Each structure stands twice: as C-alpha cells, then as structure tokens.
Amino acid sequence: MSERLEDIAEAMVATGQGILAADESTGTIKKRFDQIDTENTEDNRRDYREMLFRSTEAMNDYISGVILFDETIRQKAADGTPLVELIRKAGAVPGIKVDKGAKPLAGFPGESVTEGLDGLRERLAEYYELGARFAKWRAVIDISEDDGLPSSTCIQSNAHALARYAALCQEAGIVPIVEPEILMDGPTAAHDIETCYEVTEWTLNTVFSELFQMDVMLEGIVLKPNMIVPGKNAPIQAAPEEVAELTLRCLKATVPAAVPGIAFLSGGQSDEQATEHLHLMNAAGALPWKLTFSYGRALQQAALKAWGGKQENVAAAQAAFLHRAKMNGLAAKGEWQKALESA
C-alpha cells in the first residue's frame with residue numbers, strides 16, 4: 001500500500017468498509033469481560049482480539065482499519081503471527097490509540113482535557129516501526145446545561161491538543177484520526193438534540209481552526225465525530241431521520257471538503273441505531289466526504305456475548321461479528337434495510 005498520508009486516509013474510508021475500534025484499555029476490556037464471566041488475562045485479551053482479526057469474511061470485506069491498544073500492537077497470535085500481520089493480510093490498515101486519557105481540566109470542575117502529548121513524537125516513531133499507519137486521539141466534551149458545560153476553555157484546550165497530536169502524527173508518516181466526542185451518555189446527559197447540534201458545531205469549528213493553525217494537511221486525516229443525538233436522559237428522544245438530517249447539516253456547516261472521510265463513533269447508541277443512522281445519512285445523496293463507521297462496542301458486543309470466553313464458541317462469535325460488520329458496511333453505502341437484521 002502507498003505510504004502517502006492521503007492514500008492511507010482514503011484506504012481507511014474505502015467504500016462499504018469501516019474501522020474496528022479494538023483499542024479498549026485493560027480496564028475497559030475488564031468491564032466487557034466481566035459481563036461474560038471471563039478473566040481479564042493477557043492471553044484472554046489476545047484470544048478475543050485474534051478471534052476478531054481471523055474473522056476472514058468480515059475483515060476482508062467490511063473492515064478497512066483496526067485501532068489497537070499498546071499491548072495489542074505488540075502481541076502475537078497463538079501460532080506466533082504478530083496480530084498486526086493478521087490485520088495487514090486481511091487488507092486492513094493497523095492503527096494505534098496514542099492518547100493517555102481524559103484528565104480533569106484544572107480550574108474547571110466537571111470538565112476534562114485529554115493528555116498524552118509529552119513524548120508523543122518518540123512513541124509515534126516506535127508505533128510506526130511496529131506497523132501502525134494511523135493513530136487515534138479522543139477528546140471528550142460533556143454537556144451539562146445546569147452547570148454551564150461545556151466551557152470555551154474546555155473546547156479550546158481539547159481542540160488545541162487534537163491539532164498538536166495531528167501535526168505530530170503527520171510528521172511521523174501516520175494518519176491522525178481526529179476524535180472530538182460530545183458525550184450522549186455523560187453524568188447528566190439530559191440535553192436535547194438542538195443543544196448537541198450547537199455544541200458539536202462549536203467544537204468542530206474550533207477543531208478545524210486549530211488544525212489550520214498547526215498546518216495539518218486535511219487530505220491526510222480522518223474525522224471521528226459523534227452524531228447529533230440528544231442525551232440518553234433527555235425527555236424527548238429523536239427519530240432516526242432527525243438524527244441523520246441534523247448530523248448532515250452540522251457536518252456540511254463545519255467540515256471542509258478536503259477531508260477524505262468521516263468515520264462516526266457510536267457513543268451510547270445501540271448496535272442497530274448506529275447502523276440505521278449511518279445508512280440514512282448515506283442514502284440522502286452525494287456528499288463531499290465518505291461517511292463510514294469507527295465502532296467499538298457497536299461492532300463487538302454481539303460477538304463478545306456469543307464468544308463468552310470459550311474456544312468452542314469462536315465460530316458463533318465470528319458469525320455475530322460478520323453480521324454487524326456487514327450491516328454497517330451496507331449502511332456505509334446507504335444500502336442497509338431493517339429486514340436484513342433478522343435475515
């Protein structure tokens with residue numbers, strides 16, 4: 001594959017394919033394993049991810065890239081093959097989560113800023129040698145209207161960090177996934193869909209302003225935003241058509257056409273909601289950028305449940321993973337139908 005940033009970014013948003021977010025931290029995957037009564041050991045984490053990466057049809061046909069955690073990019077499969085090689089053989093691009101997580105923003109109670117810029121240049125050089133050709137950095141913005149959140153300081157601080165990270169990635173020959181997430185499932189999560197629109201528009205405009213200041217080449221990034229959805233505790237939830245309409249309106253108002261693709265996060269949406277919303281946006285007509293998915297839980301939950309930590313369940317788990325990958329692949333082309341979910 002070409003090593004040009006533009007070509008890697010285009011490959012990451014290939015038509016009908018999307019990105020598997022398999023970058024759960026050790027703590028996060030413990031919560032997932034607890035749901036299926038599986039011990040959170042290094043071998044079990046390896047076996048679970050190997051099971052996903054060896055899902056031949058799903059990986060070959062519907063997955064364009066995989067975001068890895070630091071442990072996973074260094075791991076080998078049970079037969080000694082590096083997991084990165086399994087991803088490459090499937091025709092997908094290996095990627096790496098590089099942020100150090102959201103930490104409290106000093107002086108601004110209830111808000112956070114993502115850390116991890118210290119030493120990032122050196123870490124990116126090592127990850128490049130390990131096979132990563134894209135990276136991910138997640139910024140978290142919470143809405144709490146009673147507390148006046150978010151503040152402009154929170155949005156500005158996170159946008160600036162995202163831009164500095166993106167510039168360092170491109171310097172290292174790595175495509176940055178720029179991920180500003182407006183939470184739908186934060187501590188309050190009672191905001192309506194119009195408030196989500198306003199905060200997302202504000203955030204994206206700030207992010208692109210900072211990317212411009214840092215001379216980041218937009219043709220060599222992938223944007224990973226939230227969809228425009230109300231908070232999970234909002235008294236009025238939105239119809240799928242409204243989510244699709246407002247999300248497209250917001251993106252058209254904020255995202256330059258030079259960006260090759262937008263790979264949505266699923267946030268707190270159900271598997272099928274995340275698929276339907278993506279489908280409706282792609283079915284709406286021609287857009288200046290590719291619209292696809294970069295889902296974690298919404299791609300994996302059914303497979304995780306089917307696997308249950310047992311080797312004898314691998315085939316069933318891979319079938320569940322294939323189904324969700326295929327549904328989202330169809331949604332990325334505007335060809336999904338609800339009837340296919342039970343077919």
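A residue is called buried when its relative accessible area is under 20%, exposed when this is over 50%, and partly exposed in between, as judged with a 1.4 Å probe on protein chains only. At 1% relative accessibility, C250 therefore counts as buried. The structure is a predicted model, in which local features need pLDDT of at least 70 and side-chain atom pairs count only at pLDDT 80 or more, while totals for chains, interfaces and linings use all residues. Residues are numbered from 1 along each chain as its sequence is written, and side-chain values use heavy atoms, with hydrogens and water left out.

**Cysteines**

A disulfide is a pair of cysteine sulfur atoms within 2.5 Å, and by this rule the count is zero.

| Cysteine | Nearest cysteine sulfur | Distance |
|---|---|---|
| C154 | C196 | 14 Å |
| C250 | C196 | 7.9 Å |

C154, at 2% relative accessibility, counts as buried.

**Around T254**

Helices (H or I, at least four residues) and strands (E, at least two) are DSSP runs, numbered from the N terminus. T254 belongs to helix 10, which covers residues 240–254, and at 7% relative accessibility T254 counts as buried. A polar atom of the T254 side chain lies 2.8 Å from the backbone oxygen of C250. If neighbours within four places in sequence are left aside, T254 is in contact (heavy atoms within 4.5 Å) with E201, L204, N205 and F208.

**Paired strands**

Two strands pair if DSSP finds at least two bridges between them. Strand 2 (residues 63–68) is largely enclosed by the rest of the structure, because six of its six residues are buried. Strand 2 pairs in the parallel sense with strand 1 (residues 18–22) over five bridges, and L20 stands opposite V66 of strand 2. Strand 2 also pairs in the parallel sense with strand 3 (residues 93–97), here over four bridges, and the bridge partner of G65 in strand 3 is V93.

**Nonpolar cores**

A nonpolar core is a set of buried Ala, Val, Leu, Ile, Met, Phe, Trp, Tyr and Cys residues joined through side-chain atoms within 4.5 Å. The largest such core has 104 residues, and F53 and Y165 are those with the most contacts inside it. Leaving aside neighbours within four places in sequence, Y165 is in contact with several residues, among them V98, L117, W137 and I177. A second, separate core of eight residues includes V113, I143, I155 and I182.

Definitions and conventions: Polar contact = N/O pair within 3.5 Å; in protein donor to acceptor, adjacent residues only side chain to side chain.
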